[in-house]
Amino acid sequence: MSTVRQTILGLVLLGALAALVFIQKQRVELAQGGTKLANQRAAAAEQESERSQLVITELHASLTTERAAQQQLQARQQLLQQALRSRQLQIEELTRENEELRAWFDTELPVAARRLRERPAITGAAAYQDWLSRRDGLHAVGNTAADQRPPAD
């Protein structure tokens, strides 16, 4: 082989080697960029995980507080129910013991008082407005006795 040919072949090999080194350098830089991006994403995921853990801890503390408050409310409700039962028993005993109280308890309420306790089941604002508009209004002070008689049912 001639020296020219060997020189050309050497230059071609050198060019191929240079191209291979350049391609390998590009691959390394690309891999480093991917690693850097992966590290950034990992750091962001770690921060998000820490924030999520803080929220979980706060929610757990809130849940614990609410459960304790709910238990306190249930305990109060039980105490109130016991007090109500004891008062009802006391009223029954007094009613049995006291003849005058039993007679008062057996009397019927006046019409005005019964009307205060009569109320239909109201489901919504429109039904309440309708119920209010159909009720008898109050009489002005100083009207005659004929104007103050109870309405006919």
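A residue is called buried under 20% relative accessible area, exposed over 50%, and partly exposed in between, with a 1.4 Å probe and protein chains only as cover. By this scale R96, at 55% relative accessibility, counts as exposed. The structure is a predicted model, in which local features need pLDDT of at least 70 and side-chain atom pairs count only at pLDDT 80 or more, while totals for chains, interfaces and linings use all residues. Residues are numbered from 1 along each chain as its sequence is written, and side-chain values use heavy atoms, with hydrogens and water left out.

The overall architecture comes first. The secondary structure consists of four helices and zero strands, where helices (H or I, at least four residues) and strands (E, at least two) are DSSP runs numbered from the N terminus. Along the sequence the pattern reads α-α-α-α. Of the 153 residues in the chain, 1% count as buried. The chain exposes about 14300 Å², of which carbon and sulfur atoms supply 59%; accessible areas come from the Shrake-Rupley method with a 1.4 Å probe, and for residues only the protein chains shown count as cover.

Helix α1 spans residues 3-97 and includes L20. With a relative accessibility of 53%, L20 counts as exposed. Together with L11, L14, L17 and V21, L20 makes a nonpolar surface patch of about 510 Å². Patches are made of residues with over 30% relative accessible area and no salt bridge, like charges being joined within 9 Å and nonpolar side chains (Val, Leu, Ile, Met, Phe, Trp, Tyr) within 5 Å.

Side chains of opposite charge can pair when their charged atoms come close. Three salt bridges are found in a search of the whole structure, each defined as a side-chain nitrogen of Lys or Arg within 4 Å of a carboxyl oxygen of Asp or Glu. One joins K25 to E29, with the closest N and O atoms 4.0 Å apart. Because K25 and E29 are four residues apart in helix α1, about one helical turn separates them. E29 is partly exposed, at 39% relative accessibility.

Another salt bridge links the side chains of R51 and E48 at 2.9 Å, N to O. Both residues lie in helix α1, three residues apart, or about one turn of the helix. R51 is partly exposed at 46% relative accessibility, and E48 is partly exposed at 42%.

R96 pairs with E92 in a salt bridge whose closest N and O atoms are 3.4 Å apart. R96 and E92 are four residues apart in helix α1, so about one helical turn lies between them. E92, at 40% relative accessibility, counts as partly exposed.

The axes of α1 and helix α2 (residues 99-106) come within 5 Å and cross at roughly 110 degrees. Axes here are lines fitted to C-alpha atoms, for helices over the stretch in contact, and angles run from 0 to 180 degrees between N-to-C directions. Helix α1 is therefore roughly perpendicular to α2, a label for angles of 65 to 115 degrees, whereas angles under 35 count as roughly parallel, over 145 as roughly antiparallel and the rest as oblique. The contact (heavy atoms within 4.5 Å) involves L94, T95, R96 and E97 of α1 and E99, L101, R102 and F105 of α2.
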